[in-house]
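The following exercises concern a single protein chain. Each consists of a task and a solution worked in steps.

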Amino acid sequence: MNLKNAKSFLSLFQHYLSTQNTGNPSEFATKLGVSRATLYRFIADLRDEGTEIRFSRSLNCFYCTQTTINELAKLAISQAYETQNLLPCALPPPINMLHNI
């Protein structure tokens, strides 16, 4: 996944989580334009990074208990760099810090 696709994927992922509109795993994967296996790998990566992401059967959606967009962005960017064998020069400031600039 290149950097542009990672940002788009991440933006959609965060949008559906924040609006509690993911649907079941198959529906969520379709909304993101990836396979169900890719979705589960991404969720496993998030969990490995310490993110508590769960699925609620009663709400029929995934939800995060502590993830911010900045944490997801850092993960997506680092994965894109790893895929392309690039070294990041510096990560941009957190989104909430941009308001102070």
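Rings of Phe, Tyr and Trp, the last represented by its six-membered ring, form an aromatic pair if their centres lie within 6.5 Å. Planes under 30 degrees apart count as stacked, those over 60 as edge-to-face and the rest as tilted. The model to which this criterion is applied here is a predicted one.

**Exercise 1. Aromatic pairs**

Task: Determine how many aromatic pairs the structure holds, and classify the geometry of Y16 and F28.

Solution. 
1. The structure holds seven aromatic pairs.
2. For Y16 and F28, the distance is 6.2 Å centre to centre, with 85° between the planes.
3. An angle over 60 degrees counts as edge-to-face, and the pair of Y16 and F28 is accordingly edge-to-face.
4. Y16 belongs to helix α1 and F28 to helix α2, so this pair ties together parts that are twelve residues apart in sequence.
5. Both Y16 and F28 are buried.
6. One aromatic cluster is formed by F9, F13, Y16, F28, F42, F55 and F62.

**Exercise 2. Overall architecture**

Task: State the order in which the elements of the chain run, and describe its burial and surface.

Solution. 
1. The chain contains five helices and two strands.
2. Read from the N terminus on, the order is α-α-α-β-β-α-α.
3. Of the 101 residues of the chain, 30% count as buried.
4. The accessible surface comes to about 6600 Å², and carbon and sulfur atoms contribute 52% of this area.
5. Among contacts with a separation of 6 or more, 51% are between residues 24 or more positions apart.

**Exercise 3. The largest nonpolar core**

Task: Identify which residues of the largest nonpolar core touch the most other members.

Solution. 
1. The core has 13 residues, of which F13, F28, L32, L39, I43, I53 and F62 touch the most other members.
2. At least two residues of this core come from each of α1, α2 and α3 (36-48).
3. Taking I43 as an example, and leaving aside neighbours within four places in sequence, its contacts are F13, I53 and F62.

**Exercise 4. Positive phi angles**

Task: Where are Q20 and N60 located, and what are their phi values?

Solution. 
1. Most residues other than glycine have a negative phi.
2. Q20, although not a glycine, has a positive phi of about 50°.
3. Q20 lies in the loop between α1 (3-18) and α2 (25-32), and is partly exposed with a relative accessible area of 46%.
4. N60, also a residue other than glycine, has a positive phi near 55°.
5. N60 is placed in the loop between β1 (53-56) and β2 (61-64); its relative accessible area of 34% makes it partly exposed.

**Exercise 5. Cysteines**

Task: Count the disulfides.

Solution. 
1. A disulfide requires a pair of cysteine sulfur atoms within 2.5 Å.
2. By this rule the count is zero disulfides.

How values were computed
Residues numbered from 1 in each chain as written. Predicted model: local features only at pLDDT ≥ 70, side-chain atom pairs only at ≥ 80, totals over all residues. Heavy atoms only, no water. Helix = DSSP H or I, 4+ residues; strand = E, 2+ residues; numbered from the N terminus. Buried < 20%, exposed > 50% of the residue type's maximum accessible area, 1.4 Å probe, protein only. Core = buried A, V, L, I, M, F, W, Y, C linked by side-chain atoms within 4.5 Å. Contact = heavy atoms within 4.5 Å. Areas by Shrake-Rupley, 256 points an atom, 1.4 Å probe, with all protein chains shown as cover.
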